[in-house]
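The sequence and the coordinates come first.

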Amino acid sequence: MSCRSLADRIDALLPQTQCTKCGYDGCRPYADAIAQGAAPINRCPPGGDDGIAALASLLQTPALPLDLARGEPGPLLVARIDESHCIGCTLCIQACPVDAIVGANKHMHTVLADWCTGCDLCVAPCPVDCIQMVPAGRAWSAQDAAVSRQRHRNHQARVERLAADNTRLMAPEAPAQALPEAAAGDAHSEDRKRSAIESALARARARRNPTQP
């Protein structure tokens, strides 16, 4: 089994909440680290003990107690914005790993509860503390995980595209290079040619209109 296919199978068992509580920037980087033997299997609070058991079975390794320093498992929570206090700063939109928050600069934001993974990454950046995590009233499903994985990929692709565009726009313009001597000579030759053509045209006009002063 290649490292890549093992990472794919590990990633398929992770909840795809993209909460980063494991210490990695999303579920896929954590899966890669586990596959490479660089991280233990007990760092995912949203996955809880069931998630650890599934990973242990896949990897044929003993289960470990959940690392509670990473957080505690619990029912699914979703973000809720107090829209009366939202100032439209867009910081929560930028922080959401699955684009579950919609709004525009200086306009009220709102959370798409069905998309929210409960990662709570939007809470800390809010400058007016108008975001709370509240019970979702439902469980996180395998279908939720599959959809969240794709939304996270789309989010990352857009962020990378915007970063590349900004880098290209901010790049200094290349300094103008001095005209090579050969090019300068060609320019002088073109000037002489143009002058000769203009003189010839003037003589032709004079011959057609001999009476014109």
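Predicted model: local features only at pLDDT ≥ 70, side-chain atom pairs only at ≥ 80, totals over all residues.

What is the volume of the largest cavity? The largest cavity has a volume of about 80 Å³.

## Basis

Residues are numbered from 1 along each chain as its sequence is written, and side-chain values use heavy atoms, with hydrogens and water left out.

## Cavities

There are 4 cavities of 30 Å³ or more in the structure. On a 1 Å grid over the protein atoms alone, a cavity is a set of points where a 1.4 Å probe fits but cannot get out; a pocket is an open set with protein on both sides within 12 Å along at least five of seven lines; lining residues have an atom within 4 Å of a point. Grid points are joined across faces, edges and corners, and the volume is the space filled by probe spheres set on the points.

The largest cavity is lined by 15 residues, and those nearest its centre are Ala79, Cys96, Cys116, Cys119 and Cys122. By class this lining has 12 nonpolar, 2 polar and 1 charged residues. Nonpolar here covers Ala, Val, Leu, Ile, Met, Phe, Trp, Tyr, Cys and Pro; charged covers Asp, Glu, Lys and Arg; the others, Gly among them, are polar. The second largest cavity has a volume of about 60 Å³. Its lining includes Leu14, Thr17, Gln18, Tyr30 and Arg43, along with Cys19, Cys22, Cys27 and Cys44. The classes for the second largest cavity are 6 nonpolar, 4 polar and 1 charged.

## Pockets

The largest pocket has a volume of about 550 Å³. Of its 30 lining residues, Thr17, Pro45, Pro46, Gly47 and Gly74 lie nearest the centre. At least two lining residues come from each of H1, helix H3 (48-59) and H5, with H3 giving the most, 3 residues. Helices (H or I, at least four residues) and strands (E, at least two) are DSSP runs numbered from the N terminus. The lining of the largest pocket has 18 nonpolar, 8 polar and 4 charged residues.

The second largest pocket holds about 180 Å³ of space. Among the residues that line it are Gln18, Thr20, Gly26, His152, His155 and Val159. Helix H5 gives the most to this lining, with 5 residues. By class the lining of the second largest pocket has 4 nonpolar, 6 polar and 2 charged residues.

## Helix H5

Helix H5 spans residues 142-170, 29 residues in total, and reaches 42 Å from its first C-alpha to its last. That is close to the 42 Å expected at 1.5 Å a residue, where the expected span is 1.5 Å times one less than the number of residues. Its buried residues are Asp144, Ala145, Ser148, Arg149, His152 and His155. Buried means under 20% relative accessible area, exposed over 50%, and partly exposed in between (1.4 Å probe, protein chains only). An α-helix has 3.6 residues a turn, so residues three or four places apart point the same way.

Val159 is also in helix H5, but Val159 is partly exposed, with a relative accessible area of 41%.

## The loop between H1 and H2

Gln16 lies in the loop between helix H1 (3-13) and helix H2 (27-35). What does Gln16 touch, leaving aside residues up to four places away in sequence? The contacts (heavy atoms within 4.5 Å) are with Asp11, Cys27, Thr117, Trp140, Ala145, Ser148 and Arg149. Gln16 is buried, with a relative accessible area of 1%.

The side chains of Gln16 and Gln18 are joined by a polar contact of 3.0 Å. A polar contact is a pair of N or O atoms within 3.5 Å; within protein, one must be able to donate a hydrogen and the other to accept it, and residues adjacent in sequence count only if both atoms are side-chain atoms. Gln18 has a positive phi of about 55° although it is not a glycine.

Ile10, in helix H1, is buried with a relative accessible area of 0%. Ile10 touches Ala31, Ile34, Ala35, Leu55, Leu58 and Leu59, not counting residues up to four places away in sequence. The C-alpha atoms of Ile10 and Asp32 are separated by 8.1 Å, although the two are 22 residues apart along the chain.

Asp99 is in the loop between helix H4 (91-95) and strand S2 (101-102). Asp99, not a glycine, has a positive phi of about 55°.
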